[in-house]
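This report covers the contact between two chains and the side-chain pairs within and across them. Consult the structure as you read.

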Protein chains: 2
Amino acid sequence: MTKPAFAQATRASPDESLVEALVAILGAEGVVADSAGVERVTRTCIPFRTQPSVVAYPSSVEQLQALVRLAAQRGVPLWPVSTGKNWGYGENTAVYDGGVTVVLERMNRICHVDEQLGYAVIEPGVTYKQFNDHLKQTGSRFWADTAGTTPLASVLGNALDKGRGMTPMADHFGALCGMDVVLPDGGLLETGGGPAGHNAVRHTYKWGLGPYLDGLFVQSNLGIVVKAGIWLMPAPEAFDFAAFEYTAAPDRLGPFIDDLRELVMARAIRSHPHLANDFAMMCILSQYPTDMLDGRRHLSDDAAARWVKQHGVARWTFGCGLYGSREEVRYQKRMIRKVLGRYGTVQFIGAAVRDDWVGAAVRVAAPLVNRMLGKSPEFAKLMLPAINLFRGIPTDHFVRQAYFKSHPEKPERDIDPARDGCGLVWIGPVVPFTSEHVMNCLTLTQRIFDAHEFDFFVEVIVESSRSVIVLVGVFYDRDSEAEAERVRAWYNEARDAYTENGYPPYRATSMSMASAMDANPVARQLLATLKNAVDPANVLAPGRYGTPAWQHPDPPSP
Amino acid sequence: MTKPAFAQATRASPDESLVEALVAILGAEGVVADSAGVERVTRTCIPFRTQPSVVAYPSSVEQLQALVRLAAQRGVPLWPVSTGKNWGYGENTAVYDGGVTVVLERMNRICHVDEQLGYAVIEPGVTYKQFNDHLKQTGSRFWADTAGTTPLASVLGNALDKGRGMTPMADHFGALCGMDVVLPDGGLLETGGGPAGHNAVRHTYKWGLGPYLDGLFVQSNLGIVVKAGIWLMPAPEAFDFAAFEYTAAPDRLGPFIDDLRELVMARAIRSHPHLANDFAMMCILSQYPTDMLDGRRHLSDDAAARWVKQHGVARWTFGCGLYGSREEVRYQKRMIRKVLGRYGTVQFIGAAVRDDWVGAAVRVAAPLVNRMLGKSPEFAKLMLPAINLFRGIPTDHFVRQAYFKSHPEKPERDIDPARDGCGLVWIGPVVPFTSEHVMNCLTLTQRIFDAHEFDFFVEVIVESSRSVIVLVGVFYDRDSEAEAERVRAWYNEARDAYTENGYPPYRATSMSMASAMDANPVARQLLATLKNAVDPANVLAPGRYGTPAWQHPDPPSP
């Protein structure tokens with residue numbers, strides 16, 4: 001079942017009558033059916049490629065409902081995506097060739113922002129940038145969270161794939177409340193169980209009446225979410241930002257992990273930092289030092305150490321936001337300084353984002369301090385985007401890392417790694433937040449990177465006080481099928497090892513979905529039963545997250 | 001379809017071979033089939049009565065699986081309850097006569113308490129008292145939440161019906177993470193999507209891999225939860241308790257509601273107080289003053305005012321816990337004093353639960369202060385149980401209110417309102433946390449109480465910063481069919497009015513389940529489709545929360 005990395009030749013020509021029917025529903029501007037167009041919008045960073053026959057862009061719920069009814073009637077599968085910017089997870093890539101990929105980017109209304117109760121109601125095409133700009137322009141007293149990815153990613157798309165951010169509202173799916181969902185029969189479900197059409201609490205009370213159904217539509221294919229409520233946080237009275245560098249001996253990393261958990265448990269850390277290893281920091285600060293490879297496929301420990309030292313990067317680095325009343329931020333500062341001070345250096349530099357003379361002074365001083373500390377100038381450029389992420393302000397500063405190995409330099413604007421051929425794939429096992437489990441996961445991950453001769457990239461993401469996500473990834477040359485094959489082998493071994501150790505990935509990619517539920521046969525069977533009941537023709541994103549595969553009417557030629 | 005209130009005569013004699021089969025699975029001690037026994041354990045407070053043929057008490061997952069398979073095979077419906085102590089919502093009462101009621105109280109193991117990560121894994125028979133005692137006896141650093149109901153209620157049963165508590169962990173369903181569920185085919189599902197049998201994060205990471213399935217098993221009949229993880233909170237560094245009495249003019253209640261929301265939004269109130277009206281307080285402090293009725297069915301405004309004054313009860317009262325570091329509690333105190341001080345009196349009396357001389361002094365002084373403030377001695381008895389509720393310590397002090405009208409006095413121990421014939425029914429619409437909606441809900445509720453000649457009992461429960469639950473209830477004479485009929489009429493009108501106004505009840509009762517989803521036909525149809533797919537014989541709690549009704553083979557005689 002392994003696909004060639006660039007299966008452009010496999011694209012099935014669309015049935016002319018299908019295209020006509022789509023145009024009748026969506027208008028000509030809502031249908032892309034020419035080979036070049038389809039190829040362009042379905043490029044991907046992962047080492048797996050499929051192409052649909054047609055790409056469709058509905059701009060309303062009614063259009064989408066008509067599309068779903070058409071698909072069921074003609075037996076054509078639909079692969080819905082919001083904006084398809086989940087670079088390194090699969091973007092617009094269906095798990096099969098052919099069919100219609102449905103991009104929801106034109107359904108991009110911000111329907112409502114409730115300034116009393118702190119929530120918004122948005123459509124799947126709304127991007128982080130659009131949402132954040134809207135809140136700022138309307139003078140909202142609320143902050144939205146953002147992901148570390150491109151500002152052009154979909155807020156709902158990220159939430160529905162369990163993506164995460166950095167502020168106290170980092171749990172994006174957890175922040176959703178109340179959905180409109182187009183079901184496979186074309187019907188429109190309003191979740192929450194209350195009176196449809198006039199349920200006053202559908203976006204304020206999560207669990208509703210009867211079973212909680214919102215959960216059925218996350219990492220799923222039982223319906224297409226066309227609108228959802230999302231909770232916001234009030235801008236805090238006080239804000240600060242702590243920048244931490246781990247300078248202790250490597251053997252103290254275990255105790256550090258346990259102490260970090262206790263800070264989160266005690267709510268001294270309310271944000272969701274990413275503890276990045278040196279290589280992960282270097283991807284942002286630098287380009288890959290191909291000249292240091294010495295004929296190897298990945299850097300030797302010695303070369304990596306020399307390279308890292310050039311930029312003054314610590315073994316582990318993270319930043320975190322501080323939020324709340326003045327008293328609360330004072331408490332957070334006291335605890336962060338006390339506990340993290342045992343393991344490295346802590347600097348409180350939140351003032352850098354202030355619009356007053358203090359902010360200006362910090363912005364001037366930071367590069368000088370950095371230079372004294374032996375850090376490269378790139379460090380100073382990180383500061384504002386990093387702090388702003390913890391205030392929910394999106395940036396593409398970090399996602400540019402996708403260009404770190406495939407391109408001579410990172411572009412300053414118009415970032416699109418899929419379009420630009422960057423090779424990149426992520427896997428993020430969820431791990432109990434204890435030193436024992438985290439160290440075990442790091443050790444086995446390092447072993448797998450070494451065995452497959454890739455450089456060890458890892459961010460330990462604080463999911464909650466109980467779990468972390470050990471996000472690891474590989475950058476590779478997407479033009480080489482041999483490299484793609486190496487990446488797939490690395491991914492499969494990593495995934496198997498995580499599963500074996502009890503650390504399920506928090507997210508699958510288009511290339512790993514078919515077997516996503518294999519380790520839990522009862523859940524897999526239950527999902528198949530539910531899927532068959534609500535989508536008997538299996539036309540809605542067949543094969544997502546381990547559900548029954550699409551039985552392709554025209555198997556692609558090899 | 002209206003049932004007589006005491007339909008004892010309708011109990012169908014059990015099929016002898018069914019009883020034999022049950023005894024073969026559960027042993028004789030696990031089966032109650034005699035009329036008196038069945039009648040006794042299925043008594044209810046609500047004005048609706050059904051009786052099963054048999055009551056079954058499995059003590060293991062294997063027994064329960066065998067029971068489920070037997071039920072499917074013989075076409076006998078099972079009505080599972082945890083401990084059946086949800087007094088006023090339906091207790092052990094199925095929505096139909098006959099069948100087997102399955103009480104899970106013997107499955108009562110506390111399987112694990114994780115002192116690093118702050119969660120426990122428990123079975124449905126575990127009670128609040130058992131759980132709390134266990135944590136205290138083992139010297140746990142964690143607190144569990146409790147409900148205001150009896151200490152003998154099931155922790156999981158309450159959570160699975162979306163019950164609530166008072167501490168920051170008040171959202172009982174929200175605190176569940178990772179379930180074992182017996183499915184209608186007898187299979188055992190482990191939720192979370194990760195590797196079954198060795199998923200290290202199933203109780204630490206809520207959303208799992210693939211669709212979030214835990215939500216399918218709340219207020220539902222798609223499976224029987226036999227084990228679940230439940231999150232705990234670390235005992236805070238500092239704790240205090242604020243007692244508030246509203247003394248401002250009635251027309252300032254709206255602004256007060258909005259200010260209360262802002263306190264919650266700013267996390268100055270982290271607990272989930274119940275704002276009780278004077279009548280609700282009187283139910284706890286006193287017995288019903290039948291002698292003041294003057295031939296009416298409920299108290300006149302004048303009589304109620306005199307009665308309330310005797311005890312020095314304010315128009316509205318609540319208590320709330322303060323939690324966190326010293327700095328955080330200082331902030332909470334500052335804000336609570338500043339904001340609530342505008343509307344009434346605030347006393348910080350959390351020290352009363354301390355084991356030192358400060359605690360002793362407060363305990364001695366409180367009754368004296370109360371007397372000076374014109375309060376009855378009963379007030380002082382409330383103090384410790386009330387504060388302890390906000391530390392997660394269960395008490396039956398408040399649930400004794402069930403005896404307030406039906407009995408001459410409240411029992412001191414062995415509280416069981418269903419067994420003792422107390423008439424009692426609750427309805428709790430969820431309402432947006434704004435003055436406009438809360439005042440609207442209170443006004444329409446008052447009108448319905450007046451029209452049906454019941455005394456207005458209400459507690460405004462802070463669900464979150466976005467919603468409140470306006471919990472209302474009626475105490476009545478359960479021996480009178482005429483009274484029961486009055487209560488049903490009140491309930492139905494209240495429910496219709498709430499639904500019409502967009503305020504769905506957070507919970508249904510056994511007498512209201514059949515139509516629970518009528519206002520949301522698409523959700524109702526989707527649930528029916530899911531139910532039919534996983535339970536084609538419809539033997540698992542048929543008719544729960546608006547799902548298709550049981551087609552009774554032997555209709556009860558009228």
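## Basis

Contact here means heavy atoms within 4.5 Å. This is a predicted model: local features need pLDDT of at least 70, side-chain atom pairs count only at pLDDT 80 or more, and totals for chains, interfaces and linings use all residues. Residues are numbered from 1 along each chain as its sequence is written, chains are lettered from A and ligands numbered from 1 in the order in which they are written, and side-chain values use heavy atoms, without hydrogens and water.

## Interface size

Chain B brings 86 residues to the contact, and chain A brings 87 residues. The buried area between chain B and chain A is about 7,200 Å² (accessible area, 1.4 Å probe, that two parts lose on being put together, summed over both). Carbon and sulfur atoms give 64% of that area. W207(B), L209(B) and R466(B) supply 11% of what chain B buries against chain A, more than any other three residues.

One joins E237(B) to R334(A), with the closest N and O atoms 4.0 Å apart.

Several elements of chain B give two or more residues to the side that touches chain A, among them β9 (188-190), α6 (253-265) and α14 (521-534). Helices (H or I, at least four residues) and strands (E, at least two) are DSSP runs, numbered from the N terminus. α14(B) gives the most, with 8 residues.

## Symmetry

Chain B superposes on chain A by a rotation of 180° with 0.0 Å of shift along the axis, at RMSD 0.0 Å (least squares on C-alpha atoms of residues with pLDDT of at least 70 in both). That is the relation of a two-fold axis. The same surface serves both copies: 100% of the contact residues of chain B recur in chain A.

## Pairs within chain A

Over all chains, the structure holds 70 salt bridges. R326(A) and E237(A) form one, at 3.6 Å from N to O. R326(A) is in helix α9 (residues 326-340) of chain A, while E237(A) is in the loop between β11 (233-234) and β12 of chain A, 89 residues apart.

F244(A) and F318(A) make a tilted pair, 5.3 Å centre to centre with 40° between the planes. F244(A) lies in strand β12 (residues 238-246) of chain A and F318(A) in strand β14 (residues 316-324) of chain A, so the pair ties together parts 74 residues apart in sequence.

Notes: A salt bridge is a side-chain nitrogen of Lys or Arg within 4 Å of a carboxyl oxygen of Asp or Glu. Rings of Phe, Tyr and Trp (its six-membered ring) pair if their centres lie within 6.5 Å; planes under 30 degrees apart count as stacked, over 60 as edge-to-face and the rest as tilted.
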